[in-house]
Amino acid sequence: MNPSGGLVWHWHAWRHQHAWQESINQIGQWLEEIPTPSKELVLIGASAGWMMPSAWLQRFEKVTTFDIDLFAAALFRRRHGPALKVSCTQLICHTSDALTHLQPLLRAHNRAAILFDNVLGQIRFHHTSIDEVSHRIEAITQSLRGRSWGSVHDAYSGKVVPSPAPRSLPLKLKTLQTPHDVSDNARMKAPGIAEFCKQLQPQGEWLDHLTANVFPEGTPIHHIAWPYSTHYCHWLQAGWVTV
Ligand SMILES: C[S@@+](CC[C@H](N)C(=O)[O-])C[C@H]1O[C@@H](n2cnc3c(N)ncnc32)[C@H](O)[C@@H]1O
């Protein structure tokens with residue numbers, strides 16, 4: 001059983017495309033701001049690319065996707081294949097565990113930009129020990145030294161005041177990655193964060209996805225709300241690390 005993918009995920013994503021559109025647009029705008037770092041892109045946790053604009057993928061000569069989900073490769077090809085054919089972008093989709101085998105993957109794609117596509121915050125669901133999750137995330141980011149890479153991932157998620165209609169998202173917010181030894185309390189006091197939290201209309205305690213130190217200090221971070229359902233929201237953070 002895959003806790004962060006599989007048929008239930010695809011069904012949910014397909015049904016919520018309209019409700020997610022504003023979050024998808026904001027991810028697209030963030031991606032457009034990134035100077036295209038390479039002609040080759042590796043997407044880790046690509047799934048079917050439900051939240052990935054084809055237009056950004058068309059910038060590349062070659063896109064290689066990785067996902068452990070057995071349905072992801074075929075669905076990704078179906079959703080993005082036609083657009084990538086138009087741009088003559090080569091598309092290769094793998095079904096494999098890219099996080100466990102990251103080092104050989106990085107060596108095999110030594111010129112590619114690497115995008116962790118909403119997967120680093122999911123590591124939380126694949127291990128029971130919080131220390132193990134933090135250790136895994138740290139090992140992943142360490143191994144990316146000297147590479148051009150980015151990630152969009154869950155920072156927090158939780159219940160919100162229910163809204164049957166598509167909700168308007170919090171105002172766009174961009175901050176810089178704080179030093180890694182800063183406490184969670186201090187992080188929450190960064191300019192704009194309190195207002196962003198308030199606009200999410202959270203209820204109760206939210207889940208920490210343990211991604212607070214994914215990016216090196218000073219990396220620009222875009223904060224994006226993702227209304228996963230009428231009563232549950234994810235707080236995504238997106239950043240790109242250039243060499
Ligand atoms: C939230 S979904 C990603 C959504 C996707 N980026 C999209 O736009 O549709 C997380 C994905 O990460 C995948 N995943 C989890 N662990 C993985 C791993 N170790 N290697 C590759 N993919 C993984 C899951 O199977 C799932 O499809």
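These legends go with several close-up views of the predicted model above. Because this is a prediction, local features need pLDDT of at least 70 and side-chain atom pairs count only at pLDDT 80 or more, while totals for chains, interfaces and linings use all residues. Residue numbers start from 1 along each chain as its sequence is written.

**View 1**

**View 2. Strand β2 and its two partners.** Strands (E, at least two residues) and helices (H or I, at least four) are DSSP runs, numbered from the N terminus. Two strands pair if DSSP finds at least two bridges between them. Strand β2 (residues 62–67) pairs in the parallel sense with strand β1 (residues 40–44) over 5 bridges, and in the parallel sense with strand β3 (residues 90–95) over 6 bridges. K62 in β2 is a handy place to start: E40 stands opposite K62, and K62 also stands opposite Q90 in β3. For V63, the bridge partner in β3 is L91. 5 of the 6 residues of β2 are buried, so the strand is largely enclosed by the rest of the structure. Buried means that 20 or more other C-beta atoms lie within 10 Å of the residue's own; exposed means 12 or fewer, and partly exposed is in between, with C-beta atoms placed from the backbone.

**View 3. From β2 over α4 to β3.** Strand β2, helix α4 (residues 72–86) and β3 make a right-handed β-α-β unit. Right-handed means that, with the strands pointing away from the viewer, the path from the first strand over the helix to the second runs clockwise. In the loop between α4 and β3 you'll find C88, which has a positive phi of about 55° although it is not a glycine. Most residues other than glycine have a negative phi. C88 is exposed, with 8 other C-beta atoms within 10 Å.

View 4. Helix α2 (residues 21–33) has 13 residues, which should span 18 Å at 1.5 Å a residue; its end C-alpha atoms are 19 Å apart, which agrees. The expected span is 1.5 Å times one less than the number of residues. Buried in α2 are S23, Q26, I27, W30 and L31. They cover an arc of only 140° around the axis, which puts them on the same side of α2. That arc is taken over the directions from the helix axis to the C-beta atoms. The face turned away from the buried side carries the exposed residues Q21 and E32.

**View 5. The two sides of helix α7.** Which residues of α7 are buried? They are V133, I137 and I140. Seen down the axis of α7, they fall within an arc of 60°, so they line one face of the helix. On the face turned away from this buried side sit the exposed residues D131, E132, H135, A139 and Q142. Helix α7 (residues 130–142) reaches 18 Å from its first C-alpha to its last, close to the 18 Å expected.

**View 6. Strand β5 and its neighbours.** Strand β5 is mostly covered, with 9 of its 11 residues buried. It pairs with β4 in the parallel sense over 4 bridges, and here F116 has S151 in β5 as its bridge partner. With strand β9 (residues 232–241), β5 pairs in the antiparallel sense over 10 bridges; V152 has A238 in β9 as its bridge partner. Another 2 bridges join β5 to β7, which run antiparallel, and S157 stands opposite L207 in β7.

View 7. R167 sits in the loop between β5 (149–159) and β6 (173–176) and counts as partly exposed, with 19 C-beta neighbours inside 10 Å. G121, in the loop between β4 (113–117) and α6 (123–126), counts as buried with 29 C-beta neighbours inside 10 Å. Q201 is in the loop between α9 (193–200) and β7 (207–208); its phi is near 55°, a positive value in a residue other than glycine.
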